[in-house]
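Subject: Structure for you to look at

Hello,

Here is the structure I said I would pass on. My notes on what was found in it follow below.

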Amino acid sequence: MFRNREVSRAAACFTVITVISAAAGFWIHPAAGIAALISDAAFWAAFFVFTRDRYKKIADISEQIDLVLHNEDAVFISEQEEGELAVLKSEIRKMTFRIREQNEALKKEKKNLADSLADIAHQLRTPLTSANMTLSLLKSNPDPTEQRVLLRETERLFTQMDWLLTSLLKLSRLDAGVVVFQKEQIAVDELINSVIQMFQITLELHNISLSVEIPKGVILQADFRWLSEAVQNILKNCMESAGDDGKIEIVCVDNPLYTEITIHDNGRGFQKEDLANLFNRFYRGKNTDTAGYGIGLALSKTIIVRQGGIVTAKNHPKGGAVFAIRFSK
């Protein structure tokens with residue numbers, strides 16, 4: 001809509017200026033007054049046309065903004081022209097697309113949150129049901145030996161639920177961007193040794209042989225605590241895959257381009273259909289017989305990627321699975 005009020009104000013101001021200049025011209029000489037009137041009239045006409053066109057363009061911009069605000073499918077159209085209004089249109093167009101991207105991101109986060117809550121409820125339902133059943137059996141079973149077995153099972157279930165909730169909390173913090181990773185120099189051999197210490201008893205109980213080849217002096221730039229947790233989850237997965245009397249190899253390769261840690265087990269490897277989904281949350285594989293929740297690898301990938309690294313998984317040519325953690329230099 002044309003802004004008549006703004007144009008009228010501009011016209012009134014210019015009329016006053018015209019009258020003053022014409023009066024001054026006539027006071028000097030009649031010919032000067034007539035020349036002033038003619039020049040003022042020509043300038044007034046040009047000014048009126050320019051002002052009307054400018055306010056019309058501003059009104060068009062206002063209409064387009066209003067359309068975008070009330071219709072999410074509308075797109076702000078920026079014409080190919082020059083001048084201050086063209087720059088303004090370009091900036092508004094950029095802002096429109098930026099707001100639309102943020103809205104889409106918020107919708108996606110909202111959906112992910114709803115899906116995550118549904119997944120958490122589903123994942124907790126099974127161990128909670130089992131724990132309730134075990135407690136019911138515990139109350140009705142007078143045999144001390146059976147009671148101890150049931151108590152150990154209950155403890156195991158609550159430990160699993162505690163790990164699940166802790167992992168989900170860490171994932172949610174990572175997704176929200178509230179985790180600040182500390183960039184520090186990490187000696188790879190110290191990192192791997194600290195991870196192995198966490199599983200030393202389990203390795204001995206299941207008679208899993210572990211081979212480690214890490215050159216001395218290899219350094220990574222990452223957060224020690226978080227990266228250690230990522231490696232723990234991957235090593236735990238390999239231990240479950242290797243099983244009793246299995247073998248695991250940990251090798252580090254360092255060159256001018258990158259530092260890479262590979263963890264290889266001699267288990268059954270991955271099904272082809274599982275490879276593309278291994279790092280997805282709550283994915284446990286089509287033929288898996290492990291008691292995990294499918295969240296450890298997802299947490300590991302998030303930790304590694306947020307620190308600038310990459311993690312991949314594939315079947316080893318000699319059998320088994322191999323995970324590779326790589327940080328570029």
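The side chains of lysine 216 and aspartate 189 form a salt bridge, with 3.4 Å from N to O; a salt bridge here is a side-chain nitrogen of Lys or Arg within 4 Å of a carboxyl oxygen of Asp or Glu. This pair links distant parts of the chain, 27 residues apart: lysine 216 is in the loop between strand E2 (209-213) and strand E3 (219-222), and aspartate 189 is in helix H5 (residues 188-198). Helices (H or I, at least four residues) and strands (E, at least two) are DSSP runs, numbered from the N terminus. Lysine 216 is exposed at 73% relative accessibility, whereas aspartate 189 is buried, with a relative accessible area of 15%. Buried means under 20% relative accessible area, exposed over 50%, and partly exposed in between (1.4 Å probe, protein chains only).

Before the rest, a word on the source. This is a predicted model, in which local features need pLDDT of at least 70 and side-chain atom pairs count only at pLDDT 80 or more, while totals for chains, interfaces and linings use all residues. Residues are numbered from 1 along each chain as its sequence is written, and side-chain values use heavy atoms, with hydrogens and water left out.

Helix H5

Besides Asp189, the buried residues of H5 include Val188, Leu191, Ile192, Val195 and Ile196. Seen down the helix axis, the buried residues of H5 fall within an arc of 160°, so they line one face; the arc is that of the directions from the helix axis to the C-beta atoms. Glu190, Gln197 and Met198 are exposed on the other side of H5.

Other salt bridges

The whole structure has seven salt bridges. In one of them, glutamate 229 meets lysine 170 at 2.6 Å, N to O. Glutamate 229 lies in helix H7 and lysine 170 in helix H4 (residues 144-176), so the pair ties together parts that are 59 residues apart in sequence. Glutamate 229 counts as buried, at 14% relative accessibility.

Glutamate 101 and arginine 98 also form a salt bridge, at 3.7 Å from N to O. Both lie in helix H3 (residues 84-140), three residues apart, which is about one turn of the helix. Arginine 98 is partly exposed, with a relative accessible area of 48%.

The core

The largest nonpolar core has 50 residues, and Ile248 and Ile261 have the most contacts inside it. Such a core is a set of buried Ala, Val, Leu, Ile, Met, Phe, Trp, Tyr and Cys residues joined through side-chain atoms within 4.5 Å. Helix H7 (residues 224-242) gives the most to this core, with nine residues.

Helices H9 and H4

Eight of the eleven residues of helix H9 (residues 296-306) are buried, so H9 is largely enclosed by the rest of the structure. Among them are Leu297, Leu299, Ile303 and Ile304. The buried residues of H9 pack against H4, H7, strand E6 (309-315) and strand E7 (321-328). Just after H9, glycine 308 takes a positive phi of about 90°.

Threonine 154 is in helix H4 and is buried, with a relative accessible area of 7%.

Regards

Key
Contact = heavy atoms within 4.5 Å.
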